[in-house]
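Hi everyone, thanks for coming along. Have a look at the model on the screen, and I'll walk you through a few places in it.

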Amino acid sequence: MAFLKLMYITNRPDVASLADECGVDRIFVDLEIVGKEERQADMNTVISRHSVEDISKVKAVLKNAELLCRVNPIYAASEGEINECIRRGADILMLPYFKTGDEVRKFIKYVDGRAKVCLLVETAEAVEHIDDILNIPGIDMIHIGLNDLHLSYKLNFMFELLSNGTVEKLGKKIRAKGLPYGFGGIARIGKGMLPAEHVIAEHYRLGSEMAILSRSFCNAANCTNINEIRNVFSDGLKEIYEYEDALENETDEFFEENRKTTAKEIARIVEQLKSK
């Protein structure tokens, strides 16, 4: 039985429709632009450049999936931006790159119960203030953003946050408050710099319930054939679901061995990155 709610970032209605059809749980429209280019300069990352108009277009084609919208960090136009996202049909609003509980309180006030609230923990300051933040009423779920968070800690590889215990420590605190959480992204089974099966088993061990399907799972921007994209989603999701089912029958020893293997693999990747 699938335990991860899977998210996919796209503003294309055709891709959103088939992802929904194949079983993706949340379609992710990404409005975040404020400060992002400066933070992620010289990195192999994508600035989505989606628009609020995309929310309406994507929402119109969804039958089962929820529409999640990542807005900008709190800034002068936040209240209007949040109102417009909700008006256009966003089911979940995600607050990125916050550092204090006051930003979270302001965000929750602006949302005003009209959509679910998802916090994206991706700054060292947010981690430092997590106990205060978790006591704020109105949070529905939390995602740990490994990309910006590893930059905040000046690490070499985003999955170092998995091997150094940061994700586990945060996950325990979040779960103790009864909130669902997730972290990072996953590729197809057998793919990715850090193979997806290692990461998924860590999600299971740590009680994570959410993950983003990464560009290495399906890079729709590099594929114009919609049937090819459909096959990637259909086959890729089937592989993930089958692997999740298999994990249900694994022992504690299996998960501990996977934890050690994953840590060794992360250390190897870090050494490779340092040598470049």
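Let's begin with a definition: a residue is called buried under 20% relative accessible area, exposed over 50%, and partly exposed in between, using a 1.4 Å probe and protein chains only. With that in hand, D112 counts as exposed, because its relative accessibility is 56%.

A word on where this comes from. This is a predicted model, so local features need pLDDT of at least 70 and side-chain atom pairs count only at pLDDT 80 or more, while totals for chains, interfaces and linings use all residues. Residues are numbered from 1 along each chain as its sequence is written, and side-chain values use heavy atoms, with hydrogens and water left out.

Back to D112. It sits in the loop between α5 (101-111) and β5 (116-121); helices here are DSSP runs of H or I with at least four residues, strands are runs of E with at least two, and both are numbered from the N terminus. Most residues other than glycine have a negative phi.

K154 also has a positive phi, about 60 degrees, and is not a glycine. You'll find K154 in the loop between α8 (146-152) and α9, and K154 is exposed, at 74% relative accessible area.

Now to the helices. α13 (residues 252-275) packs with α11 (residues 196-206) at an angle of about 130 degrees, their axes 9 Å apart. The axes are lines fitted to C-alpha atoms over the stretch in contact, and angles between N-to-C directions run from 0 to 180 degrees. Is that parallel or oblique? Oblique: under 35 degrees is roughly parallel, over 145 roughly antiparallel, 65 to 115 roughly perpendicular, and the rest oblique.

Which residues of α11 touch α13? They are E197, H198, A201, E202, Y204 and R205, and they meet F254, F255, N258, R259, T261 and T262 of α13. Contact means heavy atoms within 4.5 Å.

α13 has 24 residues and spans 35 Å from its first C-alpha to its last, close to the expected 34 Å, which is 1.5 Å times one less than the number of residues. Its buried residues are F255, N258, T262, I266, I269 and V270, and these pack against α9 (160-163), α11 and α12 (226-247).

That's my tour, so please ask away!
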